[in-house]
Structure formats: structure tokens, C-alpha cells
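Reader: I am new to protein structures and would like a close look at one part of this one. Could you walk me through how that part is put together, and then what lies around it?

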Amino acid sequence: MREKILTYIERNSRVDLKDLAILLGTDEVSVANEIAQMEKEGVICGYHTLIDWDKTGSEKVTALIEVKVTPQRGLGFDKIAERIYNYPEVDCVYLISGGFDFMVMIEGKTMRDVAQFVSDKLSPQESVLSTATHFILKKYKDHGSVMVHQSKDERMLITP
Amino acid sequence: MRNPLSDTIVNVKPSGIRKFFDLVSEMDDAISLGVGEPDFDTPWHIRDEGIYSLEKGRTFYTSNAGLKELKEEIVHYLKRRCAVEYDPVKEILVTVGGSEGIDIAMRAMLNPGDEVLIPQPSYVSYEPCAVLAGGTPVIINLKAENEFRLTAQELEEAITDKTKLLVLPFPNNPTGAIMEKTDLEAVARVIIEKDIFVLSDEIYSELSYKGDHVSISSLPGMQERTILINGFSKAYAMTGWRLGYACGPAEIMEQMLKIHQFAIMCAPTTSQYAAVEALRNGDEDVAKMREAYDQRRRYLMHAFKEMGLECFEPYGAFYVFPCIKEFGMTSEEFADRFLKEEKVAVVPGTAFGDCGEGFLRISYAYSLENLKTALEKMKHFITRLRNESCR
């Protein structure tokens, strides 16, 4: 049940609970309880809206920053990550395998904003060895939704 | 000038869907619940394999019966999903959709005067194919009280000395009915006793919502008298690729291959390469789509119940078949008015046989949003009809 609820609301968190219950062949109360329980357990961490800001005319830039760090005594990766993710302008922080350690996603109004964050806040940190900043030029797909075009039903209206 | 036409084909009635299609196509703002194909796109990895085969220049004929790898994958698939074993060399034929398989199986098996039992409501092509193959179609009218399953008794009553072939169209288009193992065992006993053959159209086999589909050919004594038809259209959302297959006893397949060889040459090569990928790596896609259909099926059933519309719970394909007899209209009148007054297209049950009178085929190969809008309109419509009849 959990997995089915999650699979569904991962793509559409606005589904009516009554509808969701019908779709999954159960009752509304069970679905509501299960969701409340998952919120409590932190399985469900939030409900967000996927926005294509490019279509709004408001200026925003997103950057992916590769960060190399040296974990120091008593200061593991988690502690370093915390120092990074506590900045409100940081959107995501992932610990990464391979050539660098953290992938940090940050959103700013301008490229200068982002550059300033990197030079003033990120790079000066003691544990940070180096950074490489990549600006996102175009979002094609995010969270499973294609943003560049909307699909249309091209089937014939009636077929046997 | 002389009559240029064959009497046989002239006497075949055009598909009942045709008329309705013309009506619908004049309305560009109509919402449709009338399609008989998935709303999903073919999974990308399958499309990609088709594209790759084109890039590689694989644009030639394949051997008549189909690509060797594809036939082998089909054999694996049938063993895995239906517990039947076929010989990839002599018992499998890759066809242009399941439809071709239906046509050539009948042409390979029927002699003039042979009777073909066709349970209805069912897909529109069995009857004309039987006629074109020189056979005599004999209709078995399935009943709503049996949830449109074929019973042993119905079968037995329809069999005569001339009966040669039974078409077994389950999971069923348009009713969504399935035949469970016990149902199949009951009819299999009659089939074996009366020594007839079965053309089992299992194109919707992957869309079963009450346990796994059971193929009649997996029952003892049935494989040697069954032509199994399946394909990629419904399970993998590949309708436009036109690819299916037929499996059966070598003796029959040999003759079917002859017709296929002369009439078709081979199924489309690009589609065959894509289909290999579908069978190798497509199980997860099928499971996902099945789950989505199942959810919508439950949603529709619930909505009908709320509307007080009589409908048995279908466990297959992507159709529901509600009864509209309470409104005192024919299926066609209902569908006609529904289209004109609410701009929603559904297919009258009569398009699938006379015994579809009093029923509608409603497809749930649509997004939930689409279904919701259409159901809302349906609610308005039947409320209005009920009020009318009160007056």
C-alpha cells in the first residue's frame, strides 16, 4: 500500500485522497492515515510544485557545483554537508561517489549571485579543497516531467 | 461495364464502428472514451531499438516467418508467462499485428461449409474473416449474467457436425471479460470431446487484473488444437508498429506461412527489432501500464456504482461494458445523444455483435483527468435521462 501511494503521489501530490483511495482499491481513511504516518516518519518530506521559471519571465539561474573536500578529524562528510546545506540559497546537497565529494545545487537571481556564494561562502570553508561551478542553460526534464513540450493525444477518436 | 466487385466482399457489412467514427470526427471538441488502443507511448527503449535498427541499415526483408531472435524471444516469453512451449522453427509465425494471424489462421483451416463459432460481443474482425475464408460464422451470444464468459453449455449447444473452429477472444474487447482457469477447463473438455480447434486471441493477455492470464493452450490436450494469437500492440503500447504472432501445431503453421509468404512476405523489419527489445527488457513497462489501467478500472467501476449504472466488474483489457437498458433506448441512440448533448464519444455495444444491444463500450485507456471530465458529463446525461422518464 505504502509503495503504491508513494508511487502515485510522487508524480501527483495534489490527487484528491478520495480518488486515490478508489484508484488503489481501498478507503479514504486508510490512505489518509498511511500518509499521515509517512509524514511523521519523514518518509514524505514535503510537497512541492514543479515550476518552469523560464516561462514566467522572472530571472533565475541554477548552478550545479562540484565540491571537493577533505574531511578532518571529528568532522566527517555529514558535518561538512551541514555547513553547506544550512545556507538557504542551497537547494540540494548530495554526497557523490567518484571524482568529487558533494554535488550542490543552488539557485540565485543572477550568475553574479551564484559566483558570490561560491567565492564568499563555499570556497573559504576550511574543508573545501576546490569547486567547479556549472550553470544550467536549459531544463528539458525535471522530476519526470518533460518541460520543453506538452504531449498531445494523437489517437483517432474511435477505434475498434 | 462489368461488375468489378466480388460478391463475397460486397456482402460483408462494414464495421459498425465506422458509422460512429464519421459522426465523431465531425466534432473536433468531443471527448472520446472510444479508442481501442493504449494511451501510453511505446516505451522509449523499445522505440530506440527500432531507430537503432534503421541507423544500422536493417531495412531489408526478414525471413518469412520472422527474425530468428524474435521467434526465440517469443518462445521464451510464452514459456515464462503462459507455461506453454513452442518450437521456434516450426510453430511460430510473426505477423502484421494479431489481426493478420486471425485472418490467415481461418484461411488455412476452413473449408467451404465449415462452421466457425464466434462468441459475441467480440472484436469486429472474426466474422468477416471467417466469411472471407469461406467458412460459415455461427454466433454464440454471451450473457451478462455470466459476466460475458463462454460457458461449456453455450459451447456445446452451438456445436454441430460442421463445427470446426472456435474463436476464443479473452480477455475480451469490448466487454473486458476474462476466462479463468476453471472456465477454460470446462470449455476445453467440450472442445476435446467434440474434436474441434480453437483460435485463441490473447492480444490482451498482459492486461488481466485478477491473477495472471491463463492460456487455453497450456491446458492438457489443448496445445495441439489451438492457434494462439498474441502481439505487441496492447501490452507494450505498440499498435502502430503492426506486429503480432501466431503459434500452433506445425501442420497448420506451415499452411499459414504459405499465405503469409505470398500475401505479406514478412512483418515490418523495424518493428521486429523493436519487439525483440520489448520481450527482452519490457516486463517492467508492462507491469507499470497494467497497474495504471487497473487503477482507472477501479475508478470507473466506482463512478458507475455511484451513478447507479449497472455494470459487471471486468477483469481484463481496458474496457468496461455498462448496461443502459434502464433508459429504454438502443445503444446507438444512447451513444448518439450522448455525443450530441454532452460531446462524449462512446462505442455502442452493437458494434461488436447484436447481443451488445443495451450496452456501451467505454475505454479507460485515458488519463484520470480525461476520465473524470467524461464521467462528470455522463452523470449529467443519465440524470437528465432519468428525469425525462419520470415526467
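Author: Let's begin with two strands of chain A: strand 1 (residues 61-69) and strand 3 (residues 102-108) pair in the antiparallel sense over 7 bridges. Here a strand is a DSSP run of E with at least two residues, a helix is a run of H or I with at least four, and both are numbered from the N terminus; two strands pair if DSSP finds at least two bridges between them. One of these bridges links T62(A) to its partner E107(A) in strand 3 of chain A.

Please keep in mind that this is a predicted model, where local features need pLDDT of at least 70 and side-chain atom pairs count only at pLDDT 80 or more, while totals for chains, interfaces and linings use all residues. Residues are numbered from 1 along each chain as its sequence is written, and chains are lettered from A and ligands numbered from 1 in the order in which they are written.

Now step back to the whole sheet. In chain A, 4 strands form an open antiparallel sheet in the order 2-3-1-4. Strand 2 (90-95) and strand 4 (128-135) of chain A are the edge strands, each pairing on one side only. On average, neighbouring strands of this sheet are turned by 20° against each other, direction ignored. Angles like this run from 0 to 180 degrees between N-to-C directions, with axes fitted to C-alpha atoms, for helices over the stretch in contact.

Across in chain B, one loop deserves a glance. The loop between strand 5 (163-168) and helix 8 (181-193) of chain B holds P171(B), which a cis peptide bond with omega of about -10° joins to F170(B). P174(B) lies in the loop between strand 5 and helix 8 of chain B as well, and the peptide bond from N173(B) to P174(B) is cis, with omega near 20°.
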